[in-house]
Amino acid sequence: MTGQQVIRILGIDPGLRRMGWGAIAVEGSRLSFVGCGCVESDGALPLAERLRQLHDGLARVLAEAAPDEVAVEETFVNKDAQATLKLGHARAIALLVPALAGLSVAEYAANQIKKTVVGVGHAEKAQIAAMIRVLLPLSTARTPDAADALAVAITHAHHRKARALAMRVAS
């Protein structure tokens, strides 16, 4: 024990079918794996029911992981407007659930996450998963969604102090 404060960070990779989540603990510059997984929705259900499934599942994750801070990947806009809109709904859940719990929520662009974790902004999912295994050797991430969520949490761990300072200066 170094006497430094331990901060728990929950990273979220929004998705309508699978919302990845990854929790880490940060003590100084040391990162440790807490947990990860996916909250899934049933594609056969109406959109409102799927969003409720994501909401309830993410609320359970928050209760179990007990994070101090949350970080969410920003929406990647693609050519399919309908798919982007549906992802936006899922992302709203990812932002709303921790906000309702009184937690601060940071947002990071996909390229910033990739650059922070892999070193290049256009890294492939396999590269992200490989770096997660290096940075968090005890990680149990079995899906790209969970690995991506851990990458979001790691990005926040690296940028949180600068972000907090910028917010204080702006206010």
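The legends below accompany close-up views of a predicted model.

**View 1. The open, five-stranded sheet.** The strands follow the order E3-E2-E1-E4-E5, and their pairing is mixed. Strand E3 (30-40) and strand E5 (104-108) are the edge strands, each of which pairs on one side only, and from one strand to the next the twist averages 20°.

**View 2. The pairing of strands E4 and E5.** Strand E4, which comprises residues 69-73, runs alongside E5 in the parallel sense, and five bridges join the two. Within this part of the sheet, valine 72 stands opposite glutamate 107 of E5.

**View 3. Helix H1 against the sheet.** Helix H1, formed by residues 47-65, packs on the sheet and touches strand E1 (6-13), strand E2 (18-27) and E3, while the direction of the helix makes about 155° with that of E3.

**View 4. The largest pocket.** This pocket holds about 780 Å³ of space, and of the 27 residues that line it, Asp13, Pro14, Gly15, Leu87 and Lys125 are the closest to its centre. At least two residues of the lining come from each of helix H2 (81-100), helix H3 (110-117), helix H4 (125-135) and helix H5 (144-170). By residue class, the lining of the largest pocket divides into twelve charged, ten nonpolar and five polar residues.

**View 5. The second largest pocket.** The volume here is about 280 Å³, and twelve residues form the lining, of which Ile7, Val26, Gly28, Arg160 and Lys161 are the closest to the centre of the pocket. Helix H5 gives the most to this lining, with five residues, and the lining as a whole divides into five nonpolar, five polar and two charged residues.

Methods
Residues are numbered from 1 along each chain as its sequence is written. This is a predicted model: local features need pLDDT of at least 70, side-chain atom pairs count only at pLDDT 80 or more; totals for chains, interfaces and linings use all residues. Side-chain values use heavy atoms; hydrogens and water are left out. Two strands pair if DSSP finds at least two bridges between them. Helices (H or I, at least four residues) and strands (E, at least two) are DSSP runs, numbered from the N terminus. Axes are lines fitted to C-alpha atoms, for helices over the stretch in contact, and angles run from 0 to 180 degrees between N-to-C directions. Contact means heavy atoms within 4.5 Å. On a 1 Å grid over the protein atoms alone, a cavity is a set of points where a 1.4 Å probe fits but cannot get out, and a pocket is an open set with protein on both sides within 12 Å along at least five of seven lines; lining residues have an atom within 4 Å of a point. Grid points are joined across faces, edges and corners, and a volume is the space filled by probe spheres set on the points. Ala, Val, Leu, Ile, Met, Phe, Trp, Tyr, Cys and Pro count as nonpolar, Asp, Glu, Lys and Arg as charged, and the others, Gly among them, as polar.
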